[in-house]
Amino acid sequence: MVMKESSFQIRAKLGFQVQKTKASANAKGNPSWNEDLLFVAAEPFNDHLEFSLELRQPKGQVVIGVAGIPFTTIERRVDDRKVVSRWFTLEDQNDEKKMYKGRIQMGLCFDGGYHVMDEAAHVCSDYRPTARQLWKPPVGTVELGIIGCKNLLPMKTVNGKGTTNAYTVAKYGSKWVRTRTVSDCLDPKWNEQYTWKVYDPCTVLTIGVFDSWGVFEISNVKEATRPDFRIGKIRIRISTLATGRVYRNSYPLLLLGHSGVRKMGEIEVAVRFVRAAPTLDFLHVYTQPLLPLMHHIKPLGVVQQEILRNTAVRIIAGHLSRSKPPLKSEVVRYMLDADLNTFSMRKVRVNWFRIVGVIATLIDIVRWIDDTRTWKKPTATILVHALLVMLVWFPDLIVPTLAFYVFVIGVWNYRFRSRDPMPHLCPRISQADTVDCDELDEEFDAVPSNRSPDIIRARYDKLRAIGARVQTVLGDFATQGERVQSLVTWRDPRATGIFVGLCFVVALILYLVPSKMVAMAFGFYYFRHPLFRDRMPPPAMNFFRRLPSLSDRIM
């Protein structure tokens, strides 16, 4: 194995998962990598890990030796203790005698302290670690009664007649349930009940309705290969359910497609959450971290977690396809939101309005302060002056006053709390009722796209226009930050001299004058009457806008 300037690489394979290390160049034939490769393994552990040492050459990789490692020989750990590395023999698989090709040193273990998500983090139904010995006792149970659907739309045409063969799938934690299929019925009834243990109330129960093609397996084999159509789904967050109360309601089944959002019918379910843990233990769960301890001791990267999640989705889809009755891959992927991270202009707009909704409260506070300082409501301004005097002379009351103010806001908003028995998918929040058909076509297009070059060019030009606006906003943020930095970097000697001298004067004033007097004077100056206010921008703002940035040095 001794070669001049040889470049070696390790290729690891577990089922359909294949990973490679970086190339390591070594003239003595003793390469080293010091890399961690993560795989998703599911019980039963009948498979084995396969490692191959490859020699990189201009014509391609040459496999030098292969080592197969059964799962039964791999140790298990639930914490961050160090794994003892071992030497494994590389053999020539093309030779019947399996000649010796060298050795490789590796540290292998089952990490049971991590949780591999199969759902998106915001709709996850389970956060427990993989190792069962680390599970905490359940805090309650959730009971689901799937009563039926009504007013379903015909999903297919058989013998000239529109029909639907509906069934329901529910998923919470690692437990999947499937109702029986009701054939040729637009108002199917199931009346089936299921129960799950709840380990964390801040989790989501997902219920989906599908149209089955499996009933045509006997008459026509080709029809059986068709995917099951989506009818719709709903999500129920366990933390929104009151303890012991039965929620029985009908919810719309909404489906977003190429032509827009459609109401496919309604589903009637009954849900009840029963708390099993004491009240204090149940409330204590809200102070605990969502993910297991290993995610905080040795955290995984965002990209790595997404790769593991996609792998877990494939493993679960393969496992459920062999169950009785089977669940098809498209059903599993729809329930797990496997295509959640695909680009969509609609989702970009949704997230933008979500950000606007979050900062709307801050904007309202700024507007209220501006109205107060401009004396639009003289009574409120006078009260603010009195509050300012009280807080300045009694600073110990600042924190209690803020806490009491938040308490009053929470009690006041209790009157306007949501009366919806169980929140469900909302077309208005999702921007589904105002979305453009071209944007929907782009959202549901495959990767790589199969549209015409003209459509691809139009999408690209639109994306460039949006990117230009984002580029401008990022440049504005960078400019403001660079102006702050230029206050003390002497890029503009006069501006920095003014600022440094002003800081020295302010320091002297604060050393000589009591802080309460300074705060009082600043407060009365800020809230002064408009008769004593200039309509032009303040000198401090004018000074800041004249500071230099690096934008004039960008090509």
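Reader: What volume does the second largest pocket have?

Author: About 750 Å³. That is the space filled by probe spheres set on the grid points, which are joined across faces, edges and corners. The model is predicted: local features need pLDDT of at least 70, side-chain atom pairs count only at 80 or more, and totals for chains, interfaces and linings use all residues. Residues are numbered from 1 along each chain as its sequence is written, and side-chain values use heavy atoms, without hydrogens or water.

Reader: What makes a set of points a pocket rather than a cavity?

Author: On a 1 Å grid over the protein atoms alone, a pocket is an open set with protein on both sides within 12 Å along at least five of seven lines; a cavity holds points where a 1.4 Å probe fits but cannot get out. Lining residues have an atom within 4 Å of a point. Here 33 residues line the second largest pocket. R128, P129, L134, K136 and Y199 lie nearest its centre.

Reader: How does the lining of the second largest pocket divide into nonpolar, polar and charged?

Author: Into 18 nonpolar, 7 polar and 8 charged residues. Ala, Val, Leu, Ile, Met, Phe, Trp, Tyr, Cys and Pro count as nonpolar, Asp, Glu, Lys and Arg as charged, the others, Gly among them, as polar.

Reader: Which strand and which helix each supply at least two residues of that lining?

Author: Strand 15 (189-198) and helix 2 (279-284). Both are DSSP runs, numbered from the N terminus: H or I over at least four residues for helices, E over at least two for strands.

Reader: What makes strand 4 and strand 5 a hairpin?

Author: Strand 4 (48-57) and strand 5 (60-70) run antiparallel, joined by 10 bridges. There are 2 residues between them. R56 stands opposite Q61 in strand 5.

Reader: Why are helix 7 and helix 12 called roughly antiparallel?

Author: The axes of helix 7 (378-393) and helix 12 (515-526) cross at roughly 165° and come within 9 Å. Axes are lines fitted to C-alpha atoms, for helices over the stretch in contact, with angles from 0 to 180 degrees between N-to-C directions. Over 145 degrees counts as roughly antiparallel, under 35 as roughly parallel, 65 to 115 as roughly perpendicular, the rest as oblique. The pair is therefore roughly antiparallel.

Reader: Which peptide bond is cis, and what is its omega?

Author: The bond from K324 to P325, with omega near -5°. P325 lies in the loop between helix 4 (302-321) and helix 5 (329-335).

Methods
Two strands pair if DSSP finds at least two bridges between them.
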